[in-house]
Amino acid sequence: MNAAPLQELPAGLDWLNANPASLHDLRGRPVVLAFVNAASAWCTQRLQELANWQARNPGKLHVLVLQVPRFDCERQPQRSLKLLRRHGSSFPALLDADWAAWQRYGIESWPTLLLVDAQGRERERIVGLGGDLDRALSALAADAPPPHPEEVRLVETVPEPRLALRFPTAVAVSAERLFIADTGHHRILECNHAGRILRQFGLGTADAMDGPHDQAAFNRPQGLALEREFLYVADTGNHALRRINLLKGTVDTLCGTGRPGEPVEGPVASTGTSLDHPVALAVAANQVHIACAGDNRLWSYDLGRSELSLRAGTGRLEMRDGNARTIAAFAQPAGLAAVQQVLYVCDALGSAIRSLQLRSDLVQTLVGQGMWDFGDADGPRASARLQHPQGIALSADAPLLWIADSGNGSLRTLRLGGGELTTVSLPRRLHGPTGLAIGGGAVWIAETDAHAVLRYDIVTGELGDVTISE
């Protein structure tokens, strides 16, 4: 253990949601400095583990999140704060826009936790998702004195507005219905196309329960896929694949234990096989394809045999084309679209669009140059650039992919068969768009950071808000 107190935080860091304080101000109470990137599923998982421990041990220590940007868009304080809150984090957060704190404390990778004792000395650092976090935090808190009346309290200063939706991340559309993953409210909404809520699936509290629509519960659901009378849900916070029977109004679990884990190929008992941060779904040929951001792989759940199989990805966080199971690798897949025998993949951290040929098991990159190569450029695929894209949808009547380019706040299109990447002309910039769906002559957009759903008329180019109401 270092004898001297940890160096003070660098000057000039943006406090995103709390009144500024120094490490010296916080002496007397242990502090956890959590170096994260809000776009990373691994960091999201670590922050959730911290939140769970703190909920069981209130007042035992301070947690300070240091958001270190991977993408240019994250250098904007509001964007970084929205990304953190989108994933449920409410810790006091600072933006380390120029990586000054990262360098000062010798951080080498996300996520890294610096455990600082009540005297301001570094006790331990935990890198990645390894280590016994509960043991380390409990040991750190055990040496802390009782709270002092004058102790600095970090209070959230900029709350999100109270609206009908909270960080919606996915939409699905039928001829008459609009379905919304109201992620921040832990529920799925069934609306008409005008936005009137007809049914709510889930209690609205983070939990894992099957049953009737008004007794079931989800935890930060994200991906949706609609197939006839069934709506499939990537229940991200529960690391599960859920199914809503729209005729009966019931919810059941197809796969997932409620905790992140290593999926196992083969027959699935509903609570016996783990998933790791499932975020996007697509249904094709009686299979639900699942994009798991936690293990950077694509899985397929066979609806007839109730079996899980690995579809693509070695599990390494990288961009690599080739054979789907032995060579190809993804960088946090975040969106899926299926047509015939092709699965299109939105590779978020690679700022890329990939394709998977289901018959030949071949993965190819359509747009994207590498893990750290991103931007905002239209044109031929070799020179076009995206920034942290989050969702894709395929036109029913044209070989056209629609892309939610979240980092650039735009809607893009990619014409299949060698066409170019194009930015759709909109009257304004979008705020963190994620989920997309095509239906009724429109592109439906989950404008996540604005807590809204938009409708873009493909023929007229009109963009309008869908007013969500009871």
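Hi everyone, let me start with a tryptophan: Trp 110 counts as buried, because its relative accessibility is 16% and the cut-off for buried is under 20%. Please keep in mind that we are looking at a predicted model.

So who are the aromatic neighbours here? The count of aromatic pairs comes to 8.

Trp 110 forms a stacked pair with Trp 372, at 6.3 Å centre to centre and with 25° between the planes. This pair also links distant parts of the chain: Trp 110 belongs to the loop between α3 and β5, Trp 372 to the loop between β25 and β26, and 262 residues separate them.

While we are on rings, have a look at two arginines. Arg 242 lies over the face of Phe 218, 4.8 Å from the ring centre. Arg 243 lies over the face of Phe 230, at 5.3 Å from the ring centre.

How many residues of β32 are buried? In this strand, residues 452–457, it is 5 of the 6, which leaves β32 mostly covered.

On one side of the story is β31, residues 442–447, which pairs with β32 in the antiparallel sense over 6 bridges. To find your place on screen, look for Val 443, which stands opposite Tyr 456 in β32. The hairpin of β31 and β32 has 4 residues between the strands, and His 451 takes a positive phi there, near 55°.

Then comes β33, residues 463–466, which is also antiparallel to β32, with 4 bridges between them. Here the landmark is Leu 454, opposite Asp 465 in β33. This hairpin has 5 residues between its strands, and Gly 461 in the turn shows a positive phi of about 80°.

A quick reminder for anyone browsing the strands: in a regular strand, side chains alternate between the two faces of the sheet.

Technical notes: Residues numbered from 1 in each chain as written. Predicted model: local features only at pLDDT ≥ 70, side-chain atom pairs only at ≥ 80, totals over all residues. Heavy atoms only, no water. Buried < 20%, exposed > 50% of the residue type's maximum accessible area, 1.4 Å probe, protein only. Helix = DSSP H or I, 4+ residues; strand = E, 2+ residues; numbered from the N terminus. Pairing = 2+ DSSP bridges. Phe/Tyr/Trp six-rings, centres within 6.5 Å; stacked < 30°, edge-to-face > 60°. Lys NZ or Arg CZ within 6 Å of the ring centre and 35° of its normal.
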